[in-house]
Amino acid sequence: MNPTPSQTVGPFYGYALPFPGGGDLATGGIIVHGYVYDGAGAPVPDALLEFWQADPSGGLGGAPGTLRRDPVNGAVLGRHGVDFTGFGRVATDADGRWVLRTLEPGNGYISVCVFARGLLHHLYTRIYLAPHAFLDALPPERAHTVLAGKEREGVYRFDIHLQGEKETVFFDFG
């Protein structure tokens with residue numbers, strides 16, 4: 001038998017997946033923000049992005065406690081603001097915008113997993129905050145799609161284009 005095809009995803013994220021402070025990995029660090037666009041260039045208002053990253057020294061260990069819950073009623077409490085976990089989950093707003101507050105990763109990039117309506121499978125990409133040797137492995141005309149633009153000190157913009165001429169480079173980790 002052949003496997004059955006995947007079902008389309010969402011939009012149902014608002015019920016359980018986003019959590020308070022999901023994009024606040026750390027204070028006093030950097031801000032990375034942007035928009036998610038579909039193939040026609042329209043904002044995607046119901047995408048969900050997951051982020052994984054190294055700490056400033058390049059360590060990938062993280063810390064437990066990203067998604068704390070109230071022991072009495074199970075409500076999401078969010079982060080306690082002390083331990084850097086290296087994980088975040090952010091839903092886009094009605095305009096397709098997302099924001100991540102974090103520390104600068106010691107390995108130079110933030111890993112991103114994109115979930116959105118119409119995608120049969122989630123997509124993986126990376127956000128590079130500065131030129132990196134890995135970018136040399138990509139075709140020169142595509143490498144810029146994984147390089148964040150520095151707007152000012154400590155603030156970066158990274159837009160994700162799901163299809164089209166500006167399509168972001170997505171990786172296959174199979």
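Colleague: What makes the charged end of R126 count as sitting over the ring of F134?

Modeller: In this predicted model, the charged end of R126 is 5.2 Å from the centre of the F134 ring. The cut-off is 6 Å, together with an angle within 35 degrees of the ring normal. R126 is listed as sitting over the ring of F134, so it passes.

Colleague: Which ring has R126 over its face at 4.0 Å from the ring centre?

Modeller: That is the ring of Y109. The value of 4.0 Å is within the 6 Å cut-off.

Colleague: Why is the pair of Y109 and Y128 called tilted?

Modeller: By the pairing rule there are six aromatic pairs. In one of them, Y109 and Y128 have 5.4 Å between centres and 45 degrees between planes. Centres must lie within 6.5 Å, stacked needs under 30 degrees and edge-to-face needs over 60, so 45 degrees falls under tilted.

Colleague: How do you know whether Y109 and Y128 are buried or exposed?

Modeller: Buried means under 20% relative accessible area. Y109 has 18% and Y128 has 0%, so both count as buried.

Colleague: What makes the pair of Y128 and F134 stacked?

Modeller: The planes of Y128 and F134 are 15 degrees apart, with 5.9 Å centre to centre. Stacked requires under 30 degrees, so the pair qualifies.

Colleague: Is F134 buried, exposed or partly exposed, and why?

Modeller: F134 has a relative accessible area of 29%.

Colleague: Which residues form one aromatic cluster?

Modeller: The cluster consists of Y109, Y128, F134 and F171.

Colleague: How do you know that strand 7 and strand 8 pair?

Modeller: Six bridges join these antiparallel strands. Pairing takes at least two bridges, so strand 7 and strand 8 meet the requirement.

Colleague: What is the order of the four strands in the open sheet?

Modeller: The order is 5-2-7-8, with antiparallel pairing.

Colleague: Why do strand 5 and strand 8 stand at the edges?

Modeller: Strand 5 (87–91) and strand 8 each have a single partner strand, so one side of each has no neighbour in the sheet.

Notes:
Residues are numbered from 1 along each chain as its sequence is written. This is a predicted model: local features need pLDDT of at least 70, side-chain atom pairs count only at pLDDT 80 or more; totals for chains, interfaces and linings use all residues. Side-chain values use heavy atoms; hydrogens and water are left out. Buried means under 20% relative accessible area, exposed over 50%, partly exposed in between (1.4 Å probe, protein chains only).
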